[in-house]
Amino acid sequence: MSNSNTEAEQFEKIRTKVFPSSETAVRELASIVANVIRQRQSENRRVVLGLATGSTPVKLYQELIRLHREEGLSFQNVVTFNLDEYYGLPPDHPESYRHFMEVQLFRHVDLPPKQTHVPDGLVERDKVFEYCADYESLIEEAGGIDIQIVGIGRTGHIGFNEPGSGPDSRTRMVALDRLTRRDAARDFRGEANVPAYAITMGIGTILQARQVLLLAWGESKAPILRSAIEGPETDAGYRPASCNAIPIAVVMLIKPPQVN
């Protein structure tokens, strides 16, 4: 994820690196995360990670677990903030993102539970606005996010920031796009069971991270990646159209690392 090495890379709107497989990509990404954690440990400082859910980051979490078990990577100095959560789901619901994080990462490493943060899907409706403001405050009090991991949905959404979300948007409740809910239908045994709303970090919140890395694997993400990498900047809706899609593993450096 260094500076441009070829003439073509000078013209990329977003620094993009294509890997032969997702396994290769996550090894490099996990190494980046591990190096930051170890550097901060040597300085007796904590590191703040922004985490994502869904199938895309699972292999990254598996590699971080391997580094913990086989190479002694400790998470004692790590604080985490998750991007989003379905509104209306309790933390122990099998499809909640809190449950996802527990199963895929938290319970397998030495990360103190009090240092993990996932939006609460059961906040009373009239307290959601205040809760979201408090979530922003917690991130700020932690020192800001050092590395933010994100995936990308087929509508182009980051977190649950559906098309139309502004670049300065903050943590808030959002209505989920029909395509987003349709993509989740299998997990919920039918689209009718997929929550209609979610709490998500905003685009502005995400872009405040010191480094933002977007992961995308496979042929199904090729159309939206082409739009994101080569198309004009827009907050309009997107629907996949035909293109010469091929299986790919891509990491997009949305925001280069900043010295802190």
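Reader: Which residues of α3 are buried?

Author: First, the basis of the reading. This is a predicted model, in which local features need pLDDT of at least 70 and side-chain atom pairs count only at pLDDT 80 or more, while totals for chains, interfaces and linings use all residues. Residues are numbered from 1 along each chain as its sequence is written, and side-chain values use heavy atoms, with hydrogens and water left out. Helices (H or I, at least four residues) and strands (E, at least two) are DSSP runs, numbered from the N terminus. A residue is called buried under 20% relative accessible area, exposed over 50%, and partly exposed in between, with a 1.4 Å probe and protein chains only. In α3, the buried residues are Y97, R98, F100 and M101. They are on the same side of α3, because they cover an arc of only 160 degrees around the axis; the arc is that of the directions from the helix axis to the C-beta atoms.

Reader: What do the buried residues of α3 pack against?

Author: Packing is read from contacts, that is, heavy atoms within 4.5 Å. The buried residues of α3 pack against β2, α2, β3, β4 (84-86) and β5. Leaving aside neighbours within four places in sequence, F100 is in contact with A52, T53, G54, V58 and Y61. The C-alpha atoms of F100 and G54 are 8.3 Å apart, although 46 residues separate the two along the chain.

Reader: Why do the buried residues of α4 line one face of the helix?

Author: An α-helix has 3.6 residues a turn, so residues three or four places apart point the same way. In α4, the buried residues are V128, C132, Y135, E136 and I139. Seen down the axis of α4, these residues fall within an arc of 95 degrees, so they line one face. The face turned away from the buried side of α4 carries the exposed residues E130, E140 and E141. The cover over the buried residues of α4 includes β3 (78-82), β5 (116-117), β7 (172-175), β8 (197-200) and α6 (203-207). Within α4, C132 has a relative accessible area of 2% and is buried. C132 touches T171, R172, M173 and I199, residues up to four places away in sequence not being counted.

Reader: What span should the 14 residues of α4 have?

Author: The expected span of a helix is 1.5 Å times one less than its number of residues. For α4 (residues 128-141) this gives 20 Å, and the end C-alpha atoms are 20 Å apart, which agrees. Just after α4, G143 takes a positive phi of about 105 degrees.

Reader: Which members of the largest nonpolar core touch the most other members?

Author: A nonpolar core is a set of buried Ala, Val, Leu, Ile, Met, Phe, Trp, Tyr and Cys residues joined through side-chain atoms within 4.5 Å. The largest has 42 residues, of which L60, L64, F75, Y86 and L105 touch the most other members. At least two residues of this core come from each of α1 (22-42), β2 (47-51), α2 (58-71), α3 (97-104), β6 (147-150) and β9 (211-217). The largest share, seven residues, comes from α1.

Reader: Is N44 buried or exposed?

Author: N44 is exposed, with a relative accessible area of 74%. N44 is in the loop between α1 and β2, and has a positive phi of about 55 degrees although it is not a glycine.
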